[in-house]
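Take a look at the sequence and model first, then read on.

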Amino acid sequence: MAEATFIYTRDLRKIYPMGGWNVHALAGLDLDVKRNSLTVVMGPSGSGKSTLLYLLGGLDRPTSGEIRVNGKILEELDENALALYRRHTVGFIFQSFNLVASMTALENVAFPMRFAGIPRRKRKERALELLRQVGLEKHIYHRPTELSGGQQQRVAIARALVNDPPLILADEPTGNLDSASGFSIMQLLAELHQSGRTVLMVTHDSRMTRFSTDIIRLLDGRAVDETEYDSATTLPNLEGTRP
Amino acid sequence: MRFWDLLSLIFENLGRRKGRVALTAIGVVIGTAAVLVLVSLASGLQRNATQQLVGIGDLTQIQVMPNYGGPNGPMGMAVVEKVGGGGGGGSTPNQKLITPDSLIELAALPGVTAVIPRDYLQASAAIQYGKLEAYGSIMGVGVADLADLGLNLQSGTSKLAKGTAVIGGVMARNFYDPRQRPGQEPPAPPDLQDKQVKLVLTRYVQDGQQMIETKKTMQVRIVGVIAESRGESDYTMYMPLEDVTAINEWAQGRRINRMRDGYAMAVVKAESVDQVIDLAKQITDLGYQANTPQSYVQGVNSFFMVLQVVFGGVGAVALLVAAIGIANTMTMAILERTREIGLMKAVGATNRNVLSVFLGEAAGIGFLGGLGGVLLGWGGGQVLNILALSYLAGQTAQNGGAPPPSTAVYTPLWLPAFALLFATLVGVLSGLYPALRAATLVPVNALKYE
């Protein structure tokens with residue numbers, strides 16, 4: 001494994017039992033993602049993009065295969081260690097923002113720091129700083145319902161950064177946004193990459209590739225080259241085996 | 001996660017669903033209030049019963065009675081007959097009389113401060129004061145000062161001398177006019193302090209087929225009146241043991257030999273209440289019979305302890321129903337907040353963090369409900385107290401008798417603290433299963449939950 005490789009997977013498989021069938025979301029994926037890259041993962045629905053993101057983020061366990069992130073072998077981590085990995089190594093950005101409706105923007109951003117045992121005053125300072133960075137200093141006491149989609153996603157980005165993780169995983173971060181908002185979010189992600197972070201983003205909007213340093217194309221749970229990707233079908237890989 | 005952060009998160013979460021939390025907590029409020037009121041009621045009853053018993057006698061006293069033997073030996077409870085003229089130490093092998101030697105033996109026990117022999121008058125006696133007459137228990141005590149028996153005086157002195165007596169506080173009310181005509185006002189109770197009363201003694205002697213009645217009178221000066229205690233002393237006239245012995249010798253027509261006949265009983269005084277039960281056991285082991293007000297108090301306490309548990313159990317049923325309510329609320333909350341749980345895990349919360357938050361919320365509902373229940377129960381107890389006491393005071397004013405108790409419902413200090421703790425514990429136990437479910441959710445499944 002090269003020194004510059006930040007994410008490394010070998011023969012990564014994830015099978016979901018679904019309605020009597022086994023769905024092979026990932027079917028032996030080999031991946032090498034460079035440190036400090038902005039990698040866009042593209043693929044049609046059902047190609048395993050989100051599954052890959054969840055496995056890399058330690059939100060789910062693979063059926064088989066190996067994942068190493070920043071030198072950590074995720075299969076070897078127990079539930080507690082995996083939680084600490086999520087806390088310190090990964091920042092998540094979701095398509096649907098996943099903000100807590102009853103909390104203000106400031107509280108939402110500070111939320112992860114509560115579990116990290118950071119004192120209240122420092123939490124507030126850090127959250128304010130990040131909201132300023134994403135241009136929401138005037139909306140710190142607004143609740144999610146009082147913010148636009150783009151603003152909500154900015155809050156989510158600020159939240160992903162509070163514990164200063166080296167890896168940002170974004171699951172279709174522009175999927176619920178209009179073009180202008182989506183574009184500004186992509187600019188923010190590009191800034192994160194430029195600040196030294198590794199960003200892995202899932203999207204099926206090919207326009208977003210202009211910000212990327214690398215592109216991974218997924219088809220039926222496998223990485224494919226551009227030619228195969230363009231010519232292939234987008235049907236999900238349904239195998240006739242019962243669980 | 002720091003403790004104060006956990007606490008603030010728990011109360012923030014509870015504050016987000018005020019209505020539901022309040023409705024769930026009402027169940028706990030009712031349950032806790034029921035436990036508090038019912039246990040307080042049992043405690044009040046126990047307190048009153050104990051106070052009544054303490055009023056009856058000094059708790060450091062042990063009443064020692066002779067053991068006249070019988071089929072079950074000295075420990076047997078059935079006293080079948082009194083051996084009047086038996087030989088010194090007993091004609092029955094297991095007989096144990098209270099002789100002058102016994103007094104020395106009892107006084108030698110560790111923790112005994114005094115041994116006071118007593119004897120009852122064995123002749124029929126009427127007490128006459130002017131044209132009034134009364135009957136009562138007359139007792140001879142082998143002590144110069146009645147204060148040694150723990151008796152408190154209403155007036156006069158407690159020191160007895162030959163030809164004097166100290167009477168119970170209620171005895172004066174027993175005097176009546178034997179020549180009173182129907183419809184006539186009963187006489188007012190006489191003030192007997194420092195007055196001379198006449199004892200009219202009667203004995204019956206068998207003469208062949210006939211019983212011959214002989215009467216004798218003697219003058220006794222009342223030197224003191226004992227304060228009312230709702231006990232035996234209220235209706236007793238205490239005289240020096242020598243005076244009563246002389247009357248008994250006249251009644252029996254023979255000299256009384258204490259080594260052979262013994263005393264009717266003796267009072268053993270212990271240094272402290274704590275020693276009484278142990279001393280009573282030692283006295284019983286020596287072969288005598290021993291009674292102590294402390295053993296009654298213990299018996300009463302045991303009974304009321306059971307009553308408290310039963311009453312508390314009835315209240316706990318209401319708490320059980322509340323517990324189901326908490327479990328239901330927490331299960332619903334976890335279903336509604338599944339995505340939030342997923343988010344918590346995604347941003348680095350450990351399973352333990354999630355468990356603590358949800359268990360804390362359930363405990364919070366229990367605590368808030370418990371707090372409300374304690375306040376309601378305490379307030380309810382006070383209202384009940386006022387109503388019960390005013391009713392009892394009214395009854396006493398109407399019918400006379402003993403003064404009403406000072407409290408009907410008594411809440412010991414430990415009870416609200418215990419009730420609060422118990423309600424919180426109920427919350428924790430109710431929330432255990434839902435919280436465990438929340439803690440063990442797979443983050444990705446929780447995040448995708450619709």
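A word on names: helices (H or I, at least four residues) and strands (E, at least two) are DSSP runs, numbered from the N terminus. This is a predicted model, where local features need pLDDT of at least 70, side-chain atom pairs count only at pLDDT 80 or more, and totals for chains, interfaces and linings use all residues. Residues are numbered from 1 along each chain as its sequence is written, chains are lettered from A in the order in which they are written, and side-chain values use heavy atoms, without hydrogens or water.

**Cavities overall**
- Searching the whole structure turns up four cavities of 30 Å³ or more.
- A cavity is a set of points on a 1 Å grid over the protein atoms alone where a 1.4 Å probe fits but cannot get out, and its lining residues have an atom within 4 Å of a point.
- Volume is the space filled by probe spheres set on the points, which are joined across faces, edges and corners.

**The largest cavity**
- Its volume is about 110 Å³.
- Its lining has 13 residues, and A:V90, A:G91, A:R159, A:A160 and B:V347 are the closest to the centre.
- In chain A, α2 (79-88), β6 (90-93) and α5 (149-161) each give at least two lining residues, with β6(A) supplying the largest share, three residues.

**The second largest cavity**
- This one holds about 70 Å³ of space.
- Its lining includes B:N13, B:R17, B:M330 and B:E361.
- Two or more lining residues come from each of α1 (3-16), α2 (18-56), α7 (293-336) and α9 (351-399) of chain B.
- The largest share, three residues, belongs to α7(B).

Terms used: 1 Å grid on protein atoms, 1.4 Å probe; cavity = no way out; pocket = protein on both sides within 12 Å on 5 of 7 lines; lining within 4 Å.
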